[in-house]
Amino acid sequence: MLTYLIKNNLIPLISIGLYIEWIWVLDAFKSPIQIVFHTLKSLYHSNPKSYLAERYGNWAVVTGCTDGIGRRYAFELASRGINIVLIARNVSKLIQVSDELEIICNVQTKWIKADLSLGKEVLPHLKKELEGIPVGILVNNAGRMYDYPESFYKVDEQLLWDIMTLNMLSLTMLTHFLIPDMKKRGKGMIVNVSSGSQENPMPYTAIYGASKAYVKNFTLALQYELMNSNIDVQLLSPMYVRTKMNEYSTSVMNGNIFCPDVVSFTKSAVFLLGKTDRTTGYWSHGIQFTFNKLAPEWVRTYFVAILNENYLKKNCALKIMLPYILFNTFLGMIAAGLYIEFIWCYEVLRSPIQIILSLLKQLFQGKSYKRLADRYGEWAVVTGSTDGIGREYAFELAHQGINIVLISRTESKLVQVANEILNQYKVQVKWIKADLSLGKEVFPYLKEQLKDIPVGILVNNAGRMSDFPQEFEKIDEETMFDIMTVNMISLTMLTHFLLNEMKKRDKGIIVNVSSGTARQAMPYEAVYAASKAFVTSFTLALQWEIGNSNIEVQLLSPNYVRTKMVAYSSSLSKGNIFCPDVSKYTKSAVFTLGKSKRTSGYWSHYIENAFLAMAPEFLRIWVVTLINKRHIKQYNEQQKKLRTTVLNGEHSVIQKIKRRLICVKTVVRTEMVNQ
């Protein structure tokens, strides 16, 4: 058999397959191995009940604690002697849970009425209420879900705001506030409750799934940042659990082996606290997760779409099917490896193949494609259009005869770009001064400005990141709110508004600019990368939702491009084959418009992504950590040189002043002698 494999050159193919299979096994079994190891370790502890209090501290904060997982989590912690701070918005329920905890578990409690969907507004109140409490465990459980699966463009705007603010902004800000105190005490635990929906786009619950992709990406980055600080960070990603969130489904609420009741699930989840940094929380959910990873992303997304469409149409569920695959021989392992290799090839080569097929179709038809204006409409909206990719994208579209609406917050730059486009191309240009970091406040004005413009192309390019990579807890609060609001909330709300208008005209394209950082967590750029994971998940879900209409959605995910965003790094600013200048990159990206639904936009970025896809997730995060540490070093060196230059300049000025004073003194003395 070995001779046959060698003769037919199958050894390299099988080797790659087995390697990729090993990555799958590593991702699938990392958590169970951690659990076994730490469970055995904890057997030697004299009093398991007090283990969590001794390891992390006597107080825990639990958000969303009056129902479901949050309520039971609070009880499980209290049964282990942990005092509880309850945060929710319903006072009567807070009082009820608080009284029950004190009577049943004999612990101290404090409750805080706070509507976390208010985001930034509620933070000062929370800080004041938590002052002086040595919080050792933070359980970010509060979350908002759709009342039932629904097409994105039909979802109420207020619900979209609530989901994004509650699931992402409040979680991020509460974590940011409590980490410094944990660092001072040298211990602590943060539990971020995500969901199985983090693993693939979720058509008909698009924003909820995207928000959980954010939580996953952010949490994994934070784990690496806090690795040496004695603060643990756990990602808890349950599948279906019988809670109020799933009341729209009768089959989920009836329960089965894969849909446990909330008490059973939470007992298991709290047992895993401190034993693994990433878990589904329940044994049957772990099995689901493992086999889900065997399917390519598009297959998982397809089945989610079918499932949610069924909920949508019939308000009932398809029975959850779990394929049972057993490979118990060497040949079985080879088959699994080749299968996983096929998935890898599909994911890596899909975009280039789409582009090639599109060009071949054009060639054999013997005619050119429709102009962008004919295919989508005569007007394009480009956000973040005064610098970098957004600016060049606007120029490229104008070059192809598209009228442009420029949206940015700096009026002088808007006027300059608008005049340059008008001078070079025979198109109309309108500019709108709008600060997208204001979120909800700015949208009535944007709607008014755009209401009479038949927008055919929307380019959601506006983005914000930290000025340079840095530890999460050191990022300024205002900067974090800006990143989350501009990168996620404004993108979502502008898409929601214009998608409805495109539906009326039955044509259009939406381009959501994500980033290569969405593929794995990014320590030292945790919030930015997590925001791009949100964009990726949301965009792919939206593609499935409107797949039967004439409206297209493209996900554009560049890696490094020479723009102001990477000015903190001297090596990136110089550029190389994998970090092209913005003009070259954008020409290539606009070329893919209408040819590929998901693209990195540039040929060398495809190559980077192909090799990155072969590495296990933990290895990619580790490499990114090293890269960002290098960038931090480069930034610090730049700042040091700048300070030295300033000091030298100041010294030079002082010397000149001294010389002039000496001259003045000499003149004065001479005059006095003469007198």
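Seven strands of this chain line up as an open sheet in the order 10-9-8-11-12-13-14, with parallel pairing. Strand 10 (429–433) and strand 14 stand at the edges with a single partner strand each, so one side of each has no neighbour in the sheet. Welcome to a predicted model, in which local features need pLDDT of at least 70 and side-chain atom pairs count only at pLDDT 80 or more, while totals for chains, interfaces and linings use all residues. Residues are numbered from 1 along each chain as its sequence is written, and side-chain values use heavy atoms, leaving out hydrogens and water.

**The chain as a whole**

- The protein chain has 23 helices and 14 strands; these are DSSP runs numbered from the N terminus, helices being H or I with at least four residues and strands being E with at least two.
- Of the 675 residues in the protein chain, 54% are buried. Here buried means under 20% relative accessible area, exposed means over 50%, and partly exposed is in between (1.4 Å probe, protein chains only).
- The accessible surface of the protein chain is about 31300 Å², and carbon and sulfur atoms hold 58% of that. These areas come from the Shrake-Rupley method with a 1.4 Å probe, and for residues only the protein chains shown count as cover.
- Among contacts in the protein chain with a separation of 6 or more, 75% are between residues 24 or more positions apart; a contact means heavy atoms within 4.5 Å.

**Inside the open sheet**

- Strands of a sheet pair through backbone hydrogen bonds, in either a parallel or an antiparallel way. In this model, two strands pair if DSSP finds at least two bridges between them.
- Strand 11 (residues 455–460) pairs with strand 12 in the parallel sense over four bridges, and I457 stands opposite I509 in strand 12.
- Strand 12 (residues 508–513) also runs parallel to strand 13, joined to that strand by six bridges. V511 has Q554 in strand 13 as its bridge partner.
- Strand 13 (residues 551–556) is mostly covered, since five of its six residues are buried.
- K595 counts as buried because its relative accessible area is 17%.
- The C-alpha atoms of K595 and I356 are separated by 8.5 Å, although these residues are 239 residues apart along the chain.

**A buried asparagine**

- N192 sits in strand 5 (residues 188–193) and counts as buried because its relative accessibility is 0%.
- Its side chain makes a polar contact of 2.9 Å with the side chain of N140. A polar contact is a pair of N or O atoms within 3.5 Å; within protein, one must be able to donate a hydrogen and the other to accept it, and residues adjacent in sequence count only if both atoms are side-chain atoms.
- Leaving aside residues up to four places away in sequence, N192 touches several others, including L171, V215, F218 and L236.

**Salt bridges**

- Side chains of opposite charge can pair when their charged atoms come close. A search of the whole structure finds 26 salt bridges, each being a side-chain nitrogen of Lys or Arg within 4 Å of a carboxyl oxygen of Asp or Glu.
- E100 and R71 meet through their side chains in one of these, at 2.5 Å from N to O. This pair links distant parts of the chain, with E100 in helix 5 (residues 91–105) and R71 in helix 4 (residues 68–78), 29 residues apart.
- E100 is partly exposed, with a relative accessible area of 23%, and R71 is also partly exposed, at 21%.
- R391 forms a salt bridge with E420, where the closest N and O atoms are 2.3 Å apart. The pair again links distant parts of the chain: R391 is in helix 15 (residues 388–399) and E420 is in helix 16 (residues 411–424), 29 residues apart.

**A nonpolar patch**

- F618, L619, W622, V623, L626 and I627 form a nonpolar patch on the surface, together having about 500 Å² of accessible area. Patches are made of residues with over 30% relative accessible area and no salt bridge, with like charges joined within 9 Å and nonpolar side chains (Val, Leu, Ile, Met, Phe, Trp, Tyr) within 5 Å.
- W622 lies in helix 23 (residues 617–674) and is partly exposed, with a relative accessible area of 46%.
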